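I opened my notebook to look up a few things in this structure.

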Amino acid sequence: MRSWNGMTRILELLISVATLVAVGIGATGEDAGSALLPLAGNWTPPAGVHAGRPPSNKGTVEIRGLGTFEFDPPQIQALRKDLFRPGHFSVFDVLASLAKAGTIPMEYSYDESLGTYVIESLNGKSGWWYDAHYAGGAFERPVVRMDEYPVKDGMAIQLYLESPDRLAAITQDFGKQVARLRSNGGRVVVPKVTVRSPRATLTFNDVGVTAHNVRSDVFQTGVISVLDVLLSLGEQGQLSSLELAWRDRMENADPVDNYFVDQVRTEDYSTEAAGDCTYVHEVGSETLMGFLAPHGHATSHVHLTADVEVLTSPEYVEFLWACLQEARASGENKNPQAKD
Amino acid sequence: MTIGGIAIGVATLFALLALSSGIEGALEREISGLGAHILLLPIGCPYTLTLSLMQGADTPEFIPEDVVPHVRETENVRTTVPVVVGKAKVNGELTPIYGTTDDVFRVKSWGTADLTGALVGSYAATKLKLKPGDRITVDLYSEVTVPVTKILDETQGRDDTFVFLPLALAQKVLALEAKLSGILVETENVAKVTQTRYTLAKIAGIQAVPPSEVFDTLVGLFGSVKQTLILITGIAIVVGVLTTMNTMTMAVYERRREIGLLRALGSTRRDVFALFLSESLLVSLAGGVVGLALGYAASFLLPRTSGFGIAASPQFSLAYVGICLLVACAVGTLSAIYPAMMAARTQPIRALREL
């Protein structure tokens, strides 16, 4: 059965790339700058050079069967003050603010065992999950805690009743992450990290991850993101250099305001920082196999970039090389209407 | 052990052929079962969305229903079938539901043209213990109660798992008022499908995809996995060749005195060569037959899925049996050439001295 899972995994990876091809991601990055690490032996990008624009425009959230509701960013406070800096907040905070204002009938609580706020009932029903994408994107059915998904201007948010099987798998995965974090005494240790590129596949086991505060504009000091996995590998001498590119916008996607991993180098391995090639990532576990959507995206790995995805303590983190320009070209040829 | 080595290679090959054929057949059956020349889908990954449509899975993106009149007016469009899909509780059991209009009867042969109530697929009917005349409760975001008007004949496809409802009722249950999961389009002139596809793709908010393109892509993706499996099978067969070669070489060493005797009694080199080749072929054929039996059993033990969420049973054919036996014979021949040549070159005098 494991070998079949492996085969399914290959299928999922292939189909993930096919998804990029199909949706034709508008990925011509507008670079405001890039950083080649380490800088003078330091694996932390220079602070204060780039900062994301906090959400400021009114947005909407669609709740299936209930309606579409407007929210106003200045009115929203983050429930997870341990995560977000003032001015930034999550998808869950939008819902909580609507509930607090009496606009939507929602009851929620913080679940210590899952490390996240959960919806107990919304419109009298339980079993809700969400879909979200940033400006210029498409829904990806993320497996990211709702109170960790940062909101940006132009974002689309949908809440829907998730299938019980998938919701159970997501819940189980979150629970396992918290248990793993506790069993490691609060240290984030990722059992398996994989970096895949056309030239080689690098695998690292039991990678200890520490915060580098790359996005101190969005997150509080000490919050660990997926990008910290690579930065920690660098500090541990497993990588020799890393190139991060900051993009303000990407064709029809604005704002973007994210670091993209454009190059990973070890002593005897390097990826080419050619064209629009970059690394996307996936955070997942065996528990989520078969429940990753679409086609196995454990996370919103194109839009929710590694620098803004909070890392709890997952079973694996995988960085996958994707050439978005080719994807866009193929997508356009195949499907003139498809836009991401 | 030699028979076992060959059997493993043949079993892997047979299971691979049967399962690949089953998966490709299932994909083709499901996609052609959609009954459309062109699929109109929301913007997003066309493969995910097509699979969702086939499986009755909820999709994150939708088509606005008001595009339907534009589609109907498009040149070369004969039938336009608006569809919503999702999973809802039917009598408390999570079941895929499919909301559509009477237009569906032009693309599906169900032996009825009545969609005033629920049409239930054969598998769903068995699972939910339904018969015509029963009333079912369908509930997700809203609850509706409808009579079952017909249990559909078995198709061996996804249609068997669905409960088909009038579009408006399904939209109400799934909270998709004025939204569609997709539109099935049947064309007047199939030769003009490409042209029609590009015309339809100009309608805002949708993408037009021929099911054949989705099929080719999914089969292509499966083909990449199949290549890996073929490589594994190849390795198993090479191991079979080496095992048989080793066995035959050992046999030649152990029987060199008998070979010498045969040669002394008048057997030609060709006779000795043929003797060992025949033995190897017999052993390989025996391995092939055992392998076929093992492969048959293994193909039922493997998960019956295409990896795309589509159920796929292995498909067997006499051609696969023939291919596998031919491969077994090839293994026998290849692995016997060197040992048989060694045997044929045995000098009778030298061998007889060892007696």
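**Entry 1: chain A overall**

I started with secondary structure, and chain A comes to five helices and 14 strands. Helices (H or I, at least four residues) and strands (E, at least two) are DSSP runs, numbered from the N terminus. The model is predicted, so local features need pLDDT of at least 70 and side-chain atom pairs count only at pLDDT 80 or more, while totals for chains, interfaces and linings use all residues. Residues are numbered from 1 along each chain as its sequence is written, and chains are lettered from A and ligands numbered from 1 in the order in which they are written.

Next I looked up burial. Of the 340 residues in chain A, 50% are buried. A residue is buried if 20 or more other C-beta atoms lie within 10 Å of its own, exposed if 12 or fewer, and partly exposed in between; the C-beta atoms are placed from the backbone.

Then I looked up contacts. Two residues are in contact if their C-beta atoms, placed from the backbone, lie within 7 Å. In chain A, among contacts between residues at least 6 apart in sequence, 70% join residues at least 24 apart.

**Entry 2: domains of chain A**

Chain A has domain 1 (2–51 + 185–334) and domain 2 (59–166). These bounds come from an automatic or database domain assignment. In chain A, 28 residues of domain 1 are in contact with 24 residues of domain 2.

**Entry 3: a sheet in chain A**

In what order do the strands of the open sheet stand? The order is β3-β2-β7-β6 in chain A, four strands with mixed pairing. Two strands pair if DSSP finds at least two bridges between them. β3 (67–71) and β6 of chain A are at the edges with a single partner strand each, so one side of each has no neighbour in the sheet. Neighbouring strands of this sheet are turned by 20° against each other on average, direction ignored. Axes here are lines fitted to C-alpha atoms, for helices over the stretch in contact, and angles run from 0 to 180 degrees between N-to-C directions.

I went through the pairs.

- β2(A) and β3(A) run antiparallel, joined by five bridges. G59(A) has F71(A) in β3(A) as its bridge partner.
- β2 (residues 59–63) and β7 (residues 156–161) of chain A run parallel, with four bridges. V61(A) is opposite I157(A) in β7(A).
- β6 (residues 128–133) of chain A pairs with β7(A) in the antiparallel sense over six bridges. W129(A) is opposite Y160(A) in β7(A).

β2(A) and β3(A) also form a hairpin, with three residues between them. G65(A) in that turn has a positive phi of about 85°. Which residues of β2(A) are on the covered face? They are G59(A), V61(A) and I63(A), whereas T60(A) and E62(A) are on the uncovered one.

**Entry 4: chain B**

I noted domain 1 (2–26 + 217–353) and domain 2 (38–209) of chain B. The C-alpha centres of domain 1 and domain 2 of chain B are 49 Å apart.

I then turned to helix α8 (residues 256–264) of chain B, where I259(B), G260(B) and R263(B) are buried. They are on the same side of α8(B), because they cover an arc of only 100° around the axis. The arc is that of the directions from the helix axis to the C-beta atoms. The cover over the buried residues of α8(B) includes α9 (269–301), α10 (318–344) and α11 (348–353) of chain B. G266(B) follows α8(B) and has a positive phi, near 115°.

R257(B) is also in helix α8 of chain B. Why is R257(B) partly exposed? It has 14 other C-beta atoms within 10 Å. R257(B) and A351(B) are 94 residues apart in sequence, yet 4.9 Å apart in space, C-alpha to C-alpha.

Last, I checked P64(B), in strand β2 (residues 63–64) of chain B. P64(B) counts as partly exposed because it has 14 C-beta neighbours inside 10 Å. Leaving out residues up to four places away in sequence, P64(B) touches A178(B), K179(B) and G205(B).
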